[in-house]
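Dear colleague,

Please find below the structure that I am handing over to you. My findings follow directly after it.

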Amino acid sequence: MADVAMPRLSDSMEEGTILKWLKSDGDEVSRGDELVEIETDKANMTYEADQDGALKIVAQEGDTLAVGETIAQIGGGSNGAGAATKEESQASGAEREPERGGDDAAEPAEQETEAETATAQAEPEGGDGQPSDAPQEAPAAAEGGDGQPSDAPQEAAAAAEGGNGRVKASPVARRMARELGLELGRLQGTGPGGRIVKADVEAASKGGAPQAAAAPAEAPAEPEREEKAAPAPVVSGDGQTGKGETSTQDLSRLQQTVARRMAESKATAPDFVLNIDVDMEEAVDLRKRLKAAVAEGQPVPSFNDFVVKASALALRDFPRANGAYRDGKFELYSRVNVGVAVAGQDALVVPTVFDADTKSLGQIAKDARALAERVRAGAITPPELSSGTFTVSNLGMFGIQSFVAVINPPQAAILAVGAMGPTPVVRDGELVVRNVMRITLSCDHRILYGADAAEFLGRIRERLENPLQLAL
């Protein structure tokens with residue numbers, strides 16, 4: 001059988017997490033079929049089969065593997081053969097933990113391979129919380145040495161406790177339960193050995209999860225419902241520090257990447273900042289005319305689109321502003337791809353407007369809106385996030401007059417755009433009110449020096465103050 005390796009779905013990807021298998025173990029797949037959904041440092045992506053054959057799943061949902069490691073195998077054979085290899089894998093690989101509940105030696109192994117034991121069959125087919133391939137899975141997962149099913153109350157309780165009182169659950173299930181405020185100890189797992197899996201938590205959040213077997217003297221149902229309505233947070237410390245109860249929240253892979261790259265930028269890039277005020281009066285007039293002329297249903301270019309176009313034209317004239325500093329060398333790019341910072345997925349995402357210097361204002365407006373929608377829908381692709389040569393970040397819509405943006409490494413610079421508004425200025429010796437906007441350029445001093453950066457920023461202002469140049 002041919003190995004299916006964890007793919008490199010972006011230029012900065014080093015590892016990925018299996019979010020969901022879209023095919024079951026033993027399924028016959030064809031070239032081009034979607035196999036699995038993978039979480040990368042950029043976005044969530046689906047990966048397709050590159051050949052025909054029977055699928056043997058190696059990495060389970062929730063597993064995080066380095067690029068190049070085997071996540072599955074595809075080869076010849078029928079579904080029956082795939083099921084057989086699945087049982088062998090469960091007997092000798094990831095599911096190598098005792099299911100009799102009384103072997104204390106099983107706990108260290110469980111801790112080390114917890115991510116490996118989240119099963120790919122955890123997605124419910126109906127509303128009963130059972131795995132989608134329950135007829136195949138139940139015999140292999142349920143045997144406890146005496147042929148009894150794993151959902152018997154005594155065995156479920158023993159498997160859930162793992163011999164030392166620790167609830168057995170997959171990492172994905174633990175994270176979901178923490179986010180939803182559910183107590184794992186109150187759920188009955190449907191995974192191998194009574195393990196609580198993703199489907200159990202999802203069913204519990206909808207009120208349909210199987211509950212753990214109740215003791216005769218269990219508290220009445222009504223107080224239990226009240227307790228569920230106000231779940232206790234994850235508490236750190238004794239709660240007497242004056243800060244109150246402290247809850248912790250895991251970062252998504254995207255948030256981890258943003259944190260790492262921003263720290264890398266501040267730690268490695270010797271940056272400096274320039275700012276300048278731009279008279280946007282003529283740009284305001286031009287936008288009014290464009291709004292009147294544009295066809296119904298077509299997007300009207302925003303002032304941010306004006307900034308993207310002006311920056312792209314200026315980048316053509318200043319190649320090093322469109323470059324990067326890497327390993328003691330300048331990288332200069334032939335294409336001008338402007339990234340537009342968008343708030344989405346609880347993190348800052350920067351999709352790319354490709355070849356912005358050659359596109360019209362109308363096309364930039366269409367591209368920017370489509371990219372923002374894809375970001376908020378979680379459908380953006382890694383190439384759309386990793387090909388920018390310069391970045392524009394705009395907080396003007398929040399009333400921010402000016403701010404300093406952090407450089408998106410390894411880019412040479414980033415432009416921060418503040419709010420535009422009526423401002424008293426002197427024109428021809430007279431005090432007049434004009435629409436003024438402040439823009440701020442953060443530069444990596446290793447590639448973009450002060451004089452060059454000042455000329456580059458001045459060129460952007462020149463284009464914005466003479467906006468007809470943007471339409472040529």
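**Salt bridges**

Lys-266 and Asp-271 form a salt bridge in which the closest N and O atoms are 3.4 Å apart. Please bear in mind that this is a predicted model. Lys-266 is exposed, its relative accessible area being 52%, whereas Asp-271, at 35%, is partly exposed.

A salt bridge also joins the side chains of Asp-279 and Arg-427, at 2.8 Å from N to O. This pair links distant parts of the chain, since Asp-279 belongs to strand β9 (residues 271–279) and Arg-427 to strand β17 (residues 413–427), 148 residues apart. Asp-279 has a relative accessibility of 9% and therefore counts as buried; Arg-427, with 34%, counts as partly exposed.

Arg-335 and Asp-355 meet through their side chains in a salt bridge as well, with 2.8 Å from N to O. Here the partners are 20 residues apart and lie in loops: Arg-335 between β11 (329–332) and β12 (338–340), Asp-355 between β15 (352–353) and α11 (361–376). Arg-335 counts as partly exposed at 39% relative accessibility, and Asp-355 counts as partly exposed at 23%.

In total, the count comes to 16 salt bridges. A network of salt bridges links Asp-317, Arg-459, Glu-462 and Arg-463.

**Aromatic rings**

The whole structure contains 4 aromatic pairs. Through ring pairs, Phe-318, Phe-390 and Phe-456 are linked into a cluster.

A ring also takes part in a contact with a charge: the charged end of Arg-287 sits over the ring of Phe-303, 5.4 Å from the ring centre.

**The second largest pocket**

The second largest pocket holds about 880 Å³ of space. It is lined by 31 residues, of which Leu-19, Glu-39, Arg-175, Ser-252 and Arg-253 are the closest to the pocket centre. At least two lining residues come from each of β2 (15–21), β4 (34–39), α5 (171–180) and α8 (253–268). Helix α5 gives the most, with 7 residues. Sorted by class, the lining has 13 charged, 11 polar and 7 nonpolar residues.

With kind regards

Notes: Residues numbered from 1 in each chain as written. Predicted model: local features only at pLDDT ≥ 70, side-chain atom pairs only at ≥ 80, totals over all residues. Heavy atoms only, no water. 1 Å grid on protein atoms, 1.4 Å probe; cavity = no way out; pocket = protein on both sides within 12 Å on 5 of 7 lines; lining within 4 Å. Points joined across faces, edges and corners; volume = space filled by probe spheres on them. Helix = DSSP H or I, 4+ residues; strand = E, 2+ residues; numbered from the N terminus. Nonpolar A, V, L, I, M, F, W, Y, C, P; charged D, E, K, R; others polar. Phe/Tyr/Trp six-rings, centres within 6.5 Å; stacked < 30°, edge-to-face > 60°. Lys NZ or Arg CZ within 6 Å of the ring centre and 35° of its normal. Salt bridge = Lys/Arg side-chain N within 4 Å of Asp/Glu carboxyl O. Buried < 20%, exposed > 50% of the residue type's maximum accessible area, 1.4 Å probe, protein only.
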